[in-house]
Amino acid sequence: MVSEHRRRGFKEDWIAETFAVAQMGNGFMAVLAGIISQVSSDYLGDIGPFQVAIALTALALVLVLFWPENYGGETDNKGVHHGE
C-alpha cells in the first residue's frame, strides 16, 4: 500500500490516515459480513452462509482477473536477498 501511495504522488503525511481509513473499513466489513451471514442463514438455512460465500468468491475471482498487480518500485527491493 505504501508503494502505491508513493507511486500516485500522495503526500507522505497521508500514509497514516490511509492506514487508519483502511482499518476502519476492515471493521465495517467484518460487521457487514456478520449481518449478511445471519440474514442468509435465516432465509436459506444452515447452508446459506456457505452459498453466499461461494457466490462472493466467484465475484472476487472476476475482480482479481482484471486487477493490476502492484510489484512496487525498483528501489523498494534494494538489498533484499530472496534466498539465491
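Modeller: Terms first: on a 1 Å grid over the protein atoms alone, a pocket is an open set of points where a 1.4 Å probe fits, with protein on both sides within 12 Å along at least five of seven lines. Lining residues have an atom within 4 Å of a point. A volume is the space filled by probe spheres set on the points, which are joined across faces, edges and corners. This is a predicted model, where local features need pLDDT of at least 70, side-chain atom pairs 80 or more, and totals for linings use all residues. Numbering runs from 1 along each chain, and side-chain values use heavy atoms, without hydrogens and water.

Colleague: How much space lies in the largest pocket?

Modeller: About 210 Å³. Its lining includes Met29, Leu32, Pro49 and Leu56.

Colleague: Which elements give two or more residues to that lining?

Modeller: Helix H2 (14–44) and helix H3 (48–65). Helices here are DSSP runs (H or I, at least four residues), numbered from the N terminus. H2 gives the largest share, 6 residues.

Colleague: Switching topic, how do the axes of H2 and H3 cross?

Modeller: At roughly 120 degrees, coming within 7 Å. Axes are lines fitted to C-alpha atoms over the stretch in contact, with angles from 0 to 180 degrees between N-to-C directions.

Colleague: Which residues of H3 make the contact?

Modeller: Gly48, Pro49, Gln51 and Val52, with heavy atoms within 4.5 Å.
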